Amino acid sequence: MTDASPFISQALGLAAQALFLSNPNPRVGCVITSDAGAVLGQGFTQQAGGPHAEVMALRDAAARGNDVRGATAYVTLEPCAHQGRTGPCCDALIQAGIARVVASVADPNPLVAGQGFARLRAAGVAVEAGPGAAETRELNIGFFSRMVRGMPWVRMKAAASLDGVTALGNGASQWITSPAARADGHAWRARACAVLSGIGTVLEDDPLLNVREVATPRQPHLVIVDSRLQTPPGARLFDVADRQVLIYAAQGEAQAAEALRARGATVVVLPNARGKVDLPAMLRDLARRSVNELHVEAGHKLNGSFLREGLVDEMLLYQAPLLLGSGAHGLASWGPLQALSDGVRMEFHSVRQIGPDLRVVARVAGR
Ligand code: AOF
Ligand code: ZN
């Protein structure tokens, strides 16, 4: 028997090619090999509603004229057993005569969850699970979060000076970090199912909040937290084609909501007791709408609310080698805290220099 890990590594590399493409479907790769260890076919998950990795690999093998009967399929997620937008991958593998499946991890989707493995075994296919499980979870951190917790993975992006300042007291904030950091930030937008910002940012900057600096086959959806429904129907954010705009409000003044709906927006009214948007309820609603990774790019007040309510999983922080001193805004306003232990304890996940700036990815401890 050949060693699983090189082919699983290859399948993980394929899965990574679906990073901007397959949302909200997980990024999955598949490699089909002969007994002698020759690659017969390979593929990765296509756009939502498109073929899954296994089907792409089977098609690839067929296109190359390769016979896959008796072959092994290395796949980074349990093959699906359900009829979703596409047919069950299990059945496609069984029908093609695949003899053995090596899968990284069970699909946390309750529609699948172990049933794929069971169906393969029932058909006499040998099944092994395990290699590459951590890498698959990492690549699909939002999908696992949505399936397991019923919440998106919340990644808060900010650009700050070395002393943590995101804007001067007078509001000046463009541009603290370099074009290289900005382009890198767009790659993180591109992998998200949705980008989120607040009404303050919309009114101040009239931003597009789309992906422009990197090539992408799809735009993430846009979520605006807008308690009093103040988003101007003429805002530039409505000019981006092929994405959904979701506006969460605490009150749904009929006329304002109508004007925004006329611009194609979905308006959701979800107030909390303080007359603001109920952020935890909003996140659960976004998960129901299939948001895996939520990219929060907002001002210090909304950032503060997310942190105060314990809703942030990860920080994506770009820091320029620049000191801006006091009289300025930090990246989140949510204090003042009484004790150091009241802070949000995080762990560094990766630290890298991007052009002249630093990129820090930190995760809330235990997430
Ligand atoms: C696989 N291989 O490459 C992926 C899978 O609506 P559908 O038919 O596209 O199904 C989506 C679900 O399929 C998704 O929630 C997840 O459970 C699984 N994704 N399964 O066999 C793949 N991407
Ligand atoms: Zn499938």
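The following conversation goes through selected features of a predicted model.

Me: What should I know about the model before starting?
Reply: As the model is predicted, local features need pLDDT of at least 70 and side-chain atom pairs count only at pLDDT 80 or more, while totals for chains, interfaces and linings use all residues. Residues are numbered from 1 along each chain as its sequence is written, and chains are lettered from A and ligands numbered from 1 in the order in which they are written.

Me: What is the strand order in the open sheet of nine strands?
Reply: The order is β11-β10-β9-β8-β12-β6-β13-β16-β15, with mixed pairing. Strands (E, at least two residues) and helices (H or I, at least four) are DSSP runs numbered from the N terminus, and two strands pair if DSSP finds at least two bridges between them.

Me: Which are the edge strands?
Reply: They are β11 (266-269) and β15 (346-354), each of which pairs on one side only.

Me: In which sense do β10 and β11 pair, parallel or antiparallel?
Reply: Strand β10 (residues 245-249) pairs with β11 in the parallel sense, over four bridges. Isoleucine 247 has valine 267 in β11 as its bridge partner.

Me: Changing topic, which residues does UniProt list for "binding site"?
Reply: The unreviewed UniProt entry lists Ala159, Trp175, Thr201, Asp205, Ser227, Gly299, His300, Lys301, Leu302, Asn303, Gly304 and Ser305. They span 147 residues in sequence and the farthest two C-alpha atoms are 27.9 Å apart, so they do not all gather at one spot. UniProt positions are given in the numbering used here, with shortened feature names, and annotations may be inferred rather than shown by experiment.

Me: Is asparagine 303 buried or exposed?
Reply: Asparagine 303, in helix α11 (residues 300-308), is buried, with 25 other C-beta atoms within 10 Å. A residue is buried if 20 or more other C-beta atoms lie within 10 Å of its own, exposed if 12 or fewer, and partly exposed in between, with C-beta atoms placed from the backbone.

Me: And where does serine 305 lie?
Reply: Serine 305 lies in helix α11 too, and it is partly exposed, with 19 other C-beta atoms within 10 Å.

Me: What is asparagine 303 in contact with?
Reply: Leaving aside neighbours within four places in sequence, asparagine 303 is in contact with Met156, Ala158, Ala298, Leu331 and Ala332. Contact requires C-beta atoms, placed from the backbone, to lie within 7 Å.

Me: Which residues of helix α6 are buried?
Reply: In α6 (residues 141-149) they are Gly142, Phe143, Phe144, Ser145 and Arg146. Just after α6, glycine 150 takes a positive phi of about 70 degrees.

Methods. Two residues are in contact if their C-beta atoms, placed from the backbone, lie within 7 Å.
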